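I opened a notebook for this chain and wrote down each thing I looked up. The entries follow in the order I made them.

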Amino acid sequence: MQPKKSDRQRSFLCPDLIDQLDPRHHLLGLAKAIPWQVFEDSFRPLYAASGRPAKPVRLMVGLLILKQLENLSDERVVDIWVQNPYFQAFCGQQRFTWKLPCDPSELTYFRRRIGEDGVRKIFEVSVNLHGDKAKEEEVVVDSTVQEKNITFPTDTKLLTKIVTRCHIMAKLEDVKLRRSYQREVKKLLRIIRFKSKGRKQGEAQRAVRRLRTIAGVLIRDMRRKLSPEALEIHRQSLDLYDRVQRQQRSDTGKIYSLHEPDVSCISKGKAHKKYEFGAKASVTVTKISGIIVGALSFPDNPFDGHTLPAVLSQVESIVGKRPTMAICDRGYRGKRRIGETRIEIPESGKGPKTEHEKRQARARFRRRAAIEPIIGHLKNDHRMLRNYLKGRIGDSVNLFMACAAFNFRKFIRILYFLCLKLLGHVFRPDVRSVQACA
């Protein structure tokens, strides 16, 4: 059912929560600037007209923003909401309460309800808060990897999980396997663990091949003995297991995780981390003000240059104007112009350019490097270092919310210095905002 509007009257015995708090706090300043009615109007059609009343939209959107803004999990943000009156005031609470605002799982259902379009609406609001500063002619584009919450994939791990899941499936459907292979699998894992190096490396390789054979035997045994109804239910899982059991080292489109089959293996040329397992994410930042105006997640592992048309179209739809220049690194080499946008990529110092043009190019590409620490803040401060949300939709949702949190944090810093300059000490940000500005 659609959430009810709050019509609570003011009490002459107990003051409102907002009257008891420090008006200089950064969350209260941000809450006044966010147009909450935009979310109410956008998400209200997603609810049914009858049934149990849902949680207020401002409460759920506020919890999502606080989660990314403070780098918290779903469980942790709900716990701190009960303890922190500023969290409650930010979410529109009029009285301080000791009850949990919702079950942590309801945040998952709310993200699923609003979908990728709803989370993009939150990101668009974070961009629009900055006004004309987000409408610069030149933007900086770079890509990174948003890693999934999976273990480092190896053949041994994947095959062992297939064997375990086949046993669970057989027990669930009351199927008697021809042989369980439990003792042999335990012995093979011991050989692989302790004899994978040195003289007995060949024995470990033979153990992996035997483990692959056992996984294939169990998959075929389950296909034969499952009833038609159960086979239809588990067909997708069995097809996935069969694909993992058959894949070889040199194959393309490999599966690296059973619970996240869409994960890609991406190499970004890092010395300390040769491969990263997740989804490629493109981030677009204004050249001067450093506001994130574009965020797009791509499945598989496309070439960076091929992602530019979609990235520039997204920036145009969010900001309202297409940038005239996109500054990129050499990973985007290829086309020098996409529509009305010129693509600038670093070149060697040789060429028919004048000294003035070379100085302009050096200044432009020095400014391009500013996007690297922004990506670092997204990963370390706003939950983009490891994505815990499931599927490709989870990649987009986490990226949008991380970029929105960065824009909100930047707005807090701008609001702090503006109030400090015009009105004196009337706005008190958190410690991290001041340190980031120093």
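**Entry 1: Ser 313**

I looked up Ser 313 and found it in helix α12. Helices (H or I, at least four residues) and strands (E, at least two) are DSSP runs, numbered from the N terminus. Ser 313 counts as partly exposed, at 40% relative accessibility. The cut-offs I use are these: buried is under 20% relative accessible area, exposed is over 50%, and partly exposed is in between (1.4 Å probe, protein chains only). I also took the C-alpha separation of Ser 313 and Leu 389, which are 76 residues apart along the chain, and got 26 Å.

**Entry 2: what kind of model this is**

I noted that this is a predicted model, in which local features need pLDDT of at least 70 and side-chain atom pairs count only at pLDDT 80 or more, while totals for chains, interfaces and linings use all residues. Residues are numbered from 1 along each chain as its sequence is written, and side-chain values use heavy atoms, with hydrogens and water left out. The confidence score, pLDDT, is the predictor's own for each residue and runs from 0 to 100. Over residues 433-438 the pLDDT stays under 50. For that stretch the model has seven contacts beyond four places in sequence, where a contact means heavy atoms within 4.5 Å.

**Entry 3: the whole chain**

I counted 16 helices and seven strands in the protein chain. The C-alpha atoms fill a box of roughly 80 × 75 × 40 Å, taken along the principal axes. Of the 438 residues, 49% are buried. Among contacts with a separation of 6 or more, 68% join residues 24 or more positions apart.

**Entry 4: helix α8**

I turned to α8, residues 155-172, which has 18 residues. From its first C-alpha to its last, α8 reaches 26 Å, close to the 26 Å expected at 1.5 Å a residue. The expected span is 1.5 Å times one less than the number of residues. Which residues of α8 are buried? I listed Thr 156, Leu 158, Leu 159, Thr 160, Ile 162, Val 163, Cys 166, His 167, Met 169 and Ala 170. The buried residues of α8 pack against α9 (182-194), α10 (201-225) and α11 (228-246).

**Entry 5: α8 with α11**

I found that α8 and α11 pack at an angle of about 155°, with their axes 10 Å apart. Axes are lines fitted to C-alpha atoms, for helices over the stretch in contact, and angles run from 0 to 180 degrees between N-to-C directions. α8 and α11 are therefore roughly antiparallel to each other. The scale is: under 35 degrees roughly parallel, over 145 roughly antiparallel, 65 to 115 roughly perpendicular, and the rest oblique. The crossing of α8 and α11 is left-handed, a term for a near helix turned anticlockwise from the far one by less than a right angle, with clockwise being right-handed. On the α8 side I noted Leu 158, Leu 159, Ile 162, Arg 165, Cys 166, Met 169 and Leu 172. These meet His 234, Leu 238, Tyr 241, Val 244 and Gln 245 in α11.

**Entry 6: α10 with α11**

I read an angle of about 160° for the packing of α10 and α11, with the axes 10 Å apart. That makes α10 roughly antiparallel to α11. The crossing of α10 and α11 is left-handed. Residues making this contact include Arg 212, Ala 215 and Gly 216 of α10, and Leu 231, Leu 238 and Asp 239 of α11.

Most residues other than glycine have a negative phi. Where does Asp 174 lie? I placed Asp 174 in the loop between α8 and α9, with a positive phi of about 60° although it is not a glycine. Asp 174 is exposed, with a relative accessible area of 72%. Phi of Asp 300 is also positive, near 60°. Asp 300 lies in the loop between β4 (292-298) and α12 (308-319) and is partly exposed, at 49%.

**Entry 7: Phe 152 and Arg 342**

I found Phe 152 in the loop between β1 (138-147) and α8. Not counting residues up to four places away in sequence, Phe 152 touches Lys 157 and Phe 277. Arg 342 is in strand β7, residues 341-344, and is partly exposed at 31%. Leaving aside neighbours within four places in sequence, Arg 342 is in contact with Thr 324, Met 325, Ala 326, Arg 336 and Arg 337.
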